[in-house]
Amino acid sequence: MNGTNELLRAILKIDEEERARTQATEEYRQKAQADKAAKAKQMEEQAMEDMRRDVDEFAQTEKNRAEGELAAQAKRKQQILDQLDQQLQKNKDAWVDTILTRVLGGGQ
(Lines give C-alpha, C1' and ligand atoms only; values in the text may rest on other atoms or scores of the structure.)
Protein backbone atom coordinates (compact mmCIF):
# COMPACT_ATOMS: atom_id res chain seq x y z
CA MET A 1 0.00 0.00 0.00
CA ASN A 2 2.95 2.24 0.62
CA GLY A 3 3.98 2.03 -3.02
CA THR A 4 0.48 2.96 -4.14
CA ASN A 5 0.43 5.99 -1.87
CA GLU A 6 3.81 7.10 -3.19
CA LEU A 7 2.58 6.69 -6.75
CA LEU A 8 -0.62 8.58 -5.97
CA ARG A 9 1.36 11.42 -4.32
CA ALA A 10 3.68 11.57 -7.32
CA ILE A 11 0.70 11.76 -9.69
CA LEU A 12 -0.91 14.50 -7.58
CA LYS A 13 2.37 16.42 -7.48
CA ILE A 14 2.72 16.20 -11.28
CA ASP A 15 -0.91 17.29 -11.64
CA GLU A 16 -0.31 20.27 -9.36
CA GLU A 17 2.82 21.29 -11.26
CA GLU A 18 1.00 21.02 -14.59
CA ARG A 19 -1.91 23.10 -13.27
CA ALA A 20 0.59 25.76 -12.15
CA ARG A 21 2.26 25.72 -15.58
CA THR A 22 -1.13 25.90 -17.28
CA GLN A 23 -2.13 28.82 -15.05
CA ALA A 24 1.16 30.61 -15.76
CA THR A 25 0.73 30.00 -19.51
CA GLU A 26 -2.83 31.35 -19.41
CA GLU A 27 -1.72 34.45 -17.48
CA TYR A 28 1.08 35.00 -19.99
CA ARG A 29 -1.38 34.63 -22.90
CA GLN A 30 -3.84 37.08 -21.33
CA LYS A 31 -1.07 39.59 -20.64
CA ALA A 32 0.21 39.24 -24.21
CA GLN A 33 -3.31 39.86 -25.56
CA ALA A 34 -3.74 42.88 -23.30
CA ASP A 35 -0.35 44.25 -24.39
CA LYS A 36 -1.24 43.65 -28.02
CA ALA A 37 -4.59 45.46 -27.62
CA ALA A 38 -2.90 48.38 -25.81
CA LYS A 39 -0.25 48.64 -28.53
CA ALA A 40 -2.92 48.55 -31.24
CA LYS A 41 -4.87 51.31 -29.48
CA GLN A 42 -1.69 53.39 -29.10
CA MET A 43 -0.89 52.95 -32.80
CA GLU A 44 -4.44 53.94 -33.75
CA GLU A 45 -4.28 57.04 -31.56
CA GLN A 46 -0.90 57.98 -33.05
CA ALA A 47 -2.26 57.49 -36.58
CA MET A 48 -5.26 59.70 -35.78
CA GLU A 49 -2.99 62.36 -34.30
CA ASP A 50 -0.77 62.24 -37.39
CA MET A 51 -3.79 62.52 -39.69
CA ARG A 52 -5.19 65.46 -37.72
CA ARG A 53 -1.82 67.21 -37.92
CA ASP A 54 -1.63 66.53 -41.68
CA VAL A 55 -5.16 67.85 -42.19
CA ASP A 56 -4.38 70.97 -40.13
CA GLU A 57 -1.20 71.57 -42.13
CA PHE A 58 -3.06 71.06 -45.41
CA ALA A 59 -5.84 73.42 -44.28
CA GLN A 60 -3.32 76.10 -43.33
CA THR A 61 -1.49 75.70 -46.64
CA GLU A 62 -4.75 75.97 -48.59
CA LYS A 63 -5.84 78.97 -46.53
CA ASN A 64 -2.54 80.73 -47.23
CA ARG A 65 -2.80 79.90 -50.93
CA ALA A 66 -6.39 81.16 -51.10
CA GLU A 67 -5.51 84.36 -49.24
CA GLY A 68 -2.61 84.95 -51.63
CA GLU A 69 -4.84 84.36 -54.63
CA LEU A 70 -7.50 86.66 -53.22
CA ALA A 71 -4.92 89.39 -52.60
CA ALA A 72 -3.65 89.02 -56.18
CA GLN A 73 -7.21 89.29 -57.54
CA ALA A 74 -7.89 92.35 -55.39
CA LYS A 75 -4.67 93.95 -56.69
CA ARG A 76 -5.64 93.16 -60.29
CA LYS A 77 -9.12 94.59 -59.70
CA GLN A 78 -7.63 97.79 -58.30
CA GLN A 79 -5.29 98.06 -61.30
CA ILE A 80 -8.25 97.74 -63.68
CA LEU A 81 -10.23 100.35 -61.73
CA ASP A 82 -7.22 102.68 -61.80
CA GLN A 83 -6.91 102.23 -65.58
CA LEU A 84 -10.62 102.98 -66.01
CA ASP A 85 -10.26 106.11 -63.88
CA GLN A 86 -7.28 107.21 -65.99
CA GLN A 87 -9.24 106.64 -69.19
CA LEU A 88 -12.17 108.55 -67.73
CA GLN A 89 -9.98 111.51 -66.78
CA LYS A 90 -8.21 111.44 -70.14
CA ASN A 91 -11.26 110.96 -72.36
CA LYS A 92 -14.26 112.35 -70.48
CA ASP A 93 -14.32 115.67 -72.30
CA ALA A 94 -14.12 113.93 -75.69
CA TRP A 95 -16.86 111.47 -74.67
CA VAL A 96 -19.14 114.26 -73.49
CA ASP A 97 -18.58 116.14 -76.77
CA THR A 98 -19.29 112.98 -78.80
CA ILE A 99 -22.46 112.21 -76.85
CA LEU A 100 -23.74 115.79 -77.11
CA THR A 101 -22.99 115.91 -80.81
CA ARG A 102 -24.87 112.66 -81.44
CA VAL A 103 -27.80 113.59 -79.23
CA LEU A 104 -28.17 117.04 -80.70
CA GLY A 105 -27.84 115.69 -84.19
CA GLY A 106 -24.62 117.24 -85.17
CA GLY A 107 -22.80 113.99 -85.82
CA GLN A 108 -24.81 112.65 -88.74
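A salt bridge is counted here when a side-chain nitrogen of Lys or Arg lies within 4 Å of a carboxyl oxygen of Asp or Glu. The model is predicted, so local features need pLDDT of at least 70 and side-chain atom pairs count only at pLDDT 80 or more, while totals for chains, interfaces and linings use all residues. Residues are numbered from 1 along each chain as its sequence is written, and side-chain values use heavy atoms, with hydrogens and water left out.

The rule gives nine salt bridges. Three of them are listed below, among the nine.

| Salt bridge | N to O distance |
|---|---|
| R19 and D15 | 2.8 Å |
| R53 and E57 | 3.9 Å |
| R65 and E62 | 3.1 Å |

R19 and D15 are both in helix 1, which covers residues 2-104; helices are DSSP runs of H or I with at least four residues, numbered from the N terminus. Four residues, about one turn of the helix, separate R19 from D15. R53 and E57 are likewise four residues apart in helix 1. R65 and E62 are three residues apart in helix 1, about one helical turn. Salt bridges with shared partners also link D50, R53 and E57 into one network.

Accessibility is classed as buried (under 20% relative accessible area), exposed (over 50%) or partly exposed (in between), with a 1.4 Å probe and protein chains only. R19 is exposed at 57%, whereas D15 is partly exposed at 34%. R53, at 41%, is partly exposed, and E57 is partly exposed at 46%. R65 is partly exposed at 45%, and E62 is partly exposed at 29%.

Key: Helix = DSSP H or I, 4+ residues; strand = E, 2+ residues; numbered from the N terminus.
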